[in-house]
Amino acid sequence: MKIGQALKEERQKLGLTQEQMIKGIINKGHYSKIERGLESTSIDTLFRIILKHHIDISDFFNKVKYDYYTSEDKKAEELKQKMLHAFNNNQREKIGIYLNEILDLKEHQLFKYRTIIAIASLENSLSDLSLAFKNKIVTRFSEHENWVENIGALQLFSDCMKIFSLEQVDYLRPYNLMCKDEQFLKVNQNWV
């Protein structure tokens, strides 16, 4: 669903006219074209409309995000759903097939890491994950100044609690990662 379609749907749910929907924000002619997909809107205008009418931002963006995804993003979303279904139904053969498809994605590194950890957990082989793999995860955290604001990184951190000791998880806390590089290499040499 495009943004204009989602705005129209929300407006109709609220029982508003176009004039009521955008009063004091933009002119009706422009808004009418936005709803019909003939013109786009600025993010500022979009937020002003959404917030004015107390529309749930998360729900709104969930309606429209798929139309704005790249083909790779769409494939990743599809694989997430397939993998979830396969996990819930203990379809190990399909899990292996989907893992290979996930690993073939050009991007979505956090999704790849999370999938590998989930499969290792399912197979009761978390201890078999290599030091190199664990190092990649820790390096990923240290790439961002404030990874705690990234939902994907937080999900990965949650998954990492299964593969790292409490001491190692404590090291991954944000303030500890600010002094990365040399200290990280010293501490991490002992991780197995």
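Leu-14 is found in helix α1, residues 3-14, where helices are DSSP runs of H or I with at least four residues, numbered from the N terminus. The model is predicted, and local features need pLDDT of at least 70, side-chain atom pairs count only at pLDDT 80 or more, and totals for chains, interfaces and linings use all residues. Residues are numbered from 1 along each chain as its sequence is written, and side-chain values use heavy atoms, with hydrogens and water left out.

With a relative accessible area of 39%, Leu-14 is partly exposed; here buried means under 20% relative accessible area, exposed over 50%, and partly exposed in between, with a 1.4 Å probe and protein chains only. Leaving aside neighbours within four places in sequence, Leu-14 is in contact with His-53 and Ile-55, contact meaning heavy atoms within 4.5 Å. The C-alpha atoms of Leu-14 and His-53 are separated by 8.4 Å, although the two residues are 39 apart along the chain.

Helix α6 covers residues 71-88, and its end C-alpha atoms are 26 Å apart, which agrees with the 26 Å that its 18 residues should span at 1.5 Å a residue; the expected span is 1.5 Å times one less than the number of residues. Its buried residues are Glu-72, Asp-73, Ala-76, Leu-79, Met-83 and Ala-86. Seen down the axis of α6, these buried residues fall within an arc of 145°, so they line one face of the helix, the arc being that of the directions from the helix axis to the C-beta atoms. What covers them includes α7 (92-103) and α8 (109-122), whereas on the other side of α6 Ser-71, Gln-81 and Asn-88 are exposed.

The structure holds 11 salt bridges, each defined as a side-chain nitrogen of Lys or Arg within 4 Å of a carboxyl oxygen of Asp or Glu. Three of them are tabulated here.

| Pair | N to O distance |
|---|---|
| Lys-63 and Glu-10 | 2.3 Å |
| Glu-35 and Arg-11 | 2.6 Å |
| Lys-80 and Glu-77 | 3.4 Å |

Glu-35 lies in helix α3 (residues 28-35) and Arg-11 in helix α1, so this pair ties together parts that are 24 residues apart in sequence, and both Glu-35 and Arg-11 are buried. Lys-80 and Glu-77, being three residues apart in helix α6, are separated by about one helical turn; Lys-80 is partly exposed at 33% relative accessible area, and Glu-77 counts as partly exposed at 21%. Elsewhere, salt bridges that share partners join Glu-9, Glu-10, Lys-13 and Lys-63 into one network.

Note on methods. Helix = DSSP H or I, 4+ residues; strand = E, 2+ residues; numbered from the N terminus.
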